Amino acid sequence: MQVDGGEVWADDTGGDGMPVVLLHPGVGDSRVWDPVLPGLGGLPRVIRYDARGYGRSPAPTVSYSQVEDLKAVLDHFGVRRAVLAGSSMGGQTAIGLALAAPGRVAGLGLFVPGISGYPDLEVPEVMEQIGKLATAGDMDGVVALGLRLWGAAGTPPDQDAADVLRAAIPAWFSTYGKETEDAPLFDRLGELDLPCTLLLGERDQPQVVRCNEEMASRIRGCRLVRHPDCDHFPTLRAPQTVAEIVNELYGKAA
């Protein structure tokens, strides 16, 4: 489907009723939701898509906004209001839309979410190391580093996480300098007033755990779920729990 200056791949199960829209993380594409989908079979409609450069979506050739692309997907499918379930990068996009257009978001399911405006969430030394490995053409090294950072709950060789991570790496570079940065959202979380559940992976990076704890405390009425066996891949590590959270949230929001 067309978005401003480009295209994205999207899938809609169809059906009547308010949909759930699944937003993938930066460490994977929309296929990270595959293990969760069987648990969402009771929902009337599920939409998911690949952000530009990820999965089946072409790399961007112009600057773009994740939030504006989400709006375009909703408009394309004639969706005026939806429940959003976002993992990591997708969580930030979901929050961005909920703040920009609150009437379009009925509920938020946030899974190890990222957020702009939170200090020290990204470690420059790590980004530099990833860049050096990629420049040297060492994709195996990038995957191994990524699994150490974000996949602490996995058991080597952790093939499922390695596969989704390897597929996502090209997007990190094809989107660099083209994705417009969101205005800081962290200090605006108190403006949200809607059903919200945030899943925190206790085996995620410490700075992400701290960020998620503070996010949940700032969002009015947010339910915080602490999962002891989750890292930054909750849809792979605990798909049943993720599905249960989405279903419960949909029941509150519908």
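**Aromatic contacts**

Colleague: Start with Phe 111. Is Phe 111 buried or exposed?
Modeller: This is a predicted model, to be clear. Phe 111 is buried, because its relative accessibility is 0% and the cut-off is under 20%.

Colleague: How many aromatic pairs are there?
Modeller: The count is 3 aromatic pairs. One of them joins Trp 33 and Phe 111.

Colleague: Why is that pair of Trp 33 and Phe 111 called edge-to-face?
Modeller: The planes of the two rings stand at 80 degrees, and over 60 counts as edge-to-face. The ring centres are 6.2 Å apart.

Colleague: Where do Trp 33 and Phe 111 sit in the chain?
Modeller: Trp 33 is in the loop between strand 4 and strand 5. Phe 111 is in strand 7.

Colleague: Next pair. What is the geometry of Tyr 118 and Phe 186?
Modeller: Edge-to-face, with 75 degrees between the planes and 5.1 Å from centre to centre.

Colleague: Which parts does that pair tie together?
Modeller: Tyr 118 lies in the loop between strand 7 and helix 3. Phe 186 lies in the loop between helix 5 and strand 8. The two parts are 68 residues apart in sequence.

Colleague: New topic. What sits over the ring of Trp 9?
Modeller: The charged end of Arg 56, 3.7 Å from the ring centre.

Methods
Residues numbered from 1 in each chain as written. Predicted model: local features only at pLDDT ≥ 70, side-chain atom pairs only at ≥ 80, totals over all residues. Heavy atoms only, no water. Phe/Tyr/Trp six-rings, centres within 6.5 Å; stacked < 30°, edge-to-face > 60°. Helix = DSSP H or I, 4+ residues; strand = E, 2+ residues; numbered from the N terminus. Buried < 20%, exposed > 50% of the residue type's maximum accessible area, 1.4 Å probe, protein only. Lys NZ or Arg CZ within 6 Å of the ring centre and 35° of its normal.
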